[in-house]
Each structure stands twice: as C-alpha cells, then as structure tokens.
Amino acid sequence: MKAVTRLRISAAVIATLAILYGTLVHADHHADSASATDAPTVLITGANRGLGLEFARQYSADGWNVIGTARNPEQADELGSLPVEVAQLDVADAASIAGLAESLEGRPIDLLINNAGIFPRVNKLEEINFDDYSRTIAVNTLGPVRVTRALLPNLRLGDKKTIVNITSRLGSIALNDFGVYYGYRESKAALSMFTKTLAVELAPEGFTCLTVHPGWVQTDMGGENANLTPQESISGMRAVIQKLGPADTGTYWSYSGEAVPW
Ligand SMILES: NC(=O)c1ccc[n+]([C@@H]2O[C@H](COP(=O)([O-])OP(=O)(O)OC[C@H]3O[C@@H](n4cnc5c(N)ncnc54)[C@H](OP(=O)(O)O)[C@@H]3O)[C@@H](O)[C@H]2O)c1
C-alpha cells in the first residue's frame, strides 16, 4: 500500500473515532444533566460558612442540586469548591433579593432554607443600640420574609414545596427563663410567628413550612465551646426535614427530632 493511501486510511479512522468519542461524551453529558434535572433543588442562604456551608456540603453529597448563596461569592472559596451553584444574596438588601429572584425565574426550587443570620450579644435593656437592634430584625426576620416572598413562584413549581426557617431555642418564649440576648430573641420569635402564618396561608397548596433549631453548634456564631459539630447538627436537621411533610406544617423542631415549645 502506498504511503499516501495509508495516511488517508489512518486519517479516516481517526476522524471516525473522534466522531464516536464526541457522541459518547455528549450522551454522557446529557445523562448527567438529565439526572441533575431529576434531582430536587435546595436553595440555602448564608451558605459560605457555618451551618449553611455544611447544609450545602451534605445536600450536594446526597445528589441534590444546590444553590448556595453568599454575600460575597468571590470570597466563598469553600462553597465554590463544592459541586453547587453559588449565587449572590444579601438578605437585608431588597435589590440583591430581586436580582436573585430574576436570575432564577421559572426554575423550580423544592426546598428553601432561610439560614443566614446574625447574633449580637446584648444582655441589658440599656445596652441596646437601636441601629444594631434594627439590623438584627432586618437580617433574621425581614430577610427570610423577603426571600420567601421573592422565591415563592419557584417554590410553587417545586415538588416538595418546603420552607425551613432556621431559628434558635433562644426564640422560644416558653423556654425563656434566663433572659438576655435582646434583639436576637425577638428576631427569632417573630420568625416563628411568620412561619406559622405562612404555614396557614400555604397549607391549601400542600406546602410544608417549618422552623428548626440547630442546637448549639461549633461555628463562628456558636463558638468553639459549643457541644455539636456542624456535621451532627446538619445531619439531624436534614433527618427532621426529610421526615416531615404537609401534615406537620407550622411546627417548631429541634435538630434532635423533638418538638420545641413556642
Ligand atoms: N451556631 C449556633 O450555635 C446556632 C444556634 C442557634 C441558631 N443558629 C442559627 O443558625 C443560622 C446559621 O448560624 P451559623 O452558626 O452558621 O452562623 P455563622 O457561622 O455566623 O454564619 C452566618 C451566615 O449568615 C450569613 N449572613 C449574615 N448576614 C447576612 C446577610 N445580611 N445576608 C446574607 N447572609 C448573611 C453570613 O455571611 P457572611 O460570611 O457574609 O457574614 C454567614 O454565611 C443562623 O440563623 C443562626 O441564628 C445557630
């Protein structure tokens, strides 16, 4: 066989292999996106550190589509290293919330976790700084209200229709027998009332609206003396969220699976 003919045959074989490879890669990629589409979607606020980051880690490891939000996505290195989508969101900024909602228009969200929060320690009435107090309410209470309202169309498109507001047992009026933490307690108690009112409104549509206490957890907020790791807290909260459904809407739970008194 002449050298030119051999060259032509080799070129044809390489071209055929390349087409075959391309088809296989495309089919594989298509299979990946199909399974990603079938998987449920969770959106987690404040997912760049602490409990939000661990929620993102565990749900993504479990095969969910995860949208993790951060105030500064360019600094959210740990979140960005996970197989998740990172979106910008400051829950105290109406324009930021509107931008997120616009970018997600028409996309189903199965589970919304309103996790972002702040905890200024204020122990006495006379120590209250009203700008800080307003900021606490703006982030911990108005934040979840605004985000939930903005993403309600997406949640209506989702199968699970679940909204989880991360609270604290410090938000329980029934359990408040030691005082302190002005502002934080009020912000979480108001979040509980929002959860309950929302649960009643959305019950006819099959929604599950919950408020969940994560326990005392080793994060920047909880400090190093806390008795739970983020892994333990999030595993517990995910089990609670998983087992509850529309019949349980408007209820208050601990990560450990016990009901918390309002
Ligand atoms: N850790 C505990 O022991 C404990 C106990 C009871 C309840 N909780 C509740 O659990 C939730 C998570 O707490 P954590 O321990 O993970 O706290 P954390 O380690 O302090 O993390 C707080 C998260 O919220 C974000 N965040 C703060 N302000 C925000 C805003 N305006 N917009 C968007 N994101 C904002 C932070 O983002 P940046 O990084 O940009 O600041 C960060 O991602 C909070 O709601 C908290 O109240 C925690």
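Q: How many helices and strands does the chain have, and what makes a stretch count as one?
A: The chain has 7 helices and 7 strands. A helix is a DSSP run of H or I with at least four residues, a strand a run of E with at least two, and both are numbered from the N terminus. This is a predicted model, where local features need pLDDT of at least 70 and side-chain atom pairs count only at pLDDT 80 or more, while totals for chains, interfaces and linings use all residues. Residues are numbered from 1 along each chain as its sequence is written.

Q: What makes H4 roughly parallel to H5?
A: Helix H4 (residues 94-103) and helix H5 (residues 130-157) pack at an angle of about 25°, with their axes 9 Å apart. Angles run from 0 to 180 degrees between N-to-C directions, and axes are lines fitted to C-alpha atoms, for helices over the stretch in contact. Under 35 degrees counts as roughly parallel, over 145 as roughly antiparallel, 65 to 115 as roughly perpendicular and the rest as oblique, so H4 is roughly parallel to H5.

Q: Which residues make the contact between H4 and H5?
A: Ala94, Ile97, Ala98 and Ala101 of H4 meet Arg146, Val147, Ala150 and Leu151 of H5. Two residues are in contact if their C-beta atoms, placed from the backbone, lie within 7 Å.

Q: How much of the chain counts as buried?
A: Of the 262 residues, 36% do. Buried takes 20 or more other C-beta atoms within 10 Å of a residue's own, exposed 12 or fewer, and partly exposed lies in between, with C-beta atoms placed from the backbone.

Q: From which helix does the largest share of the shell around the ligand come?
A: Helix H2 (residues 50-61) gives that share, 3 residues.
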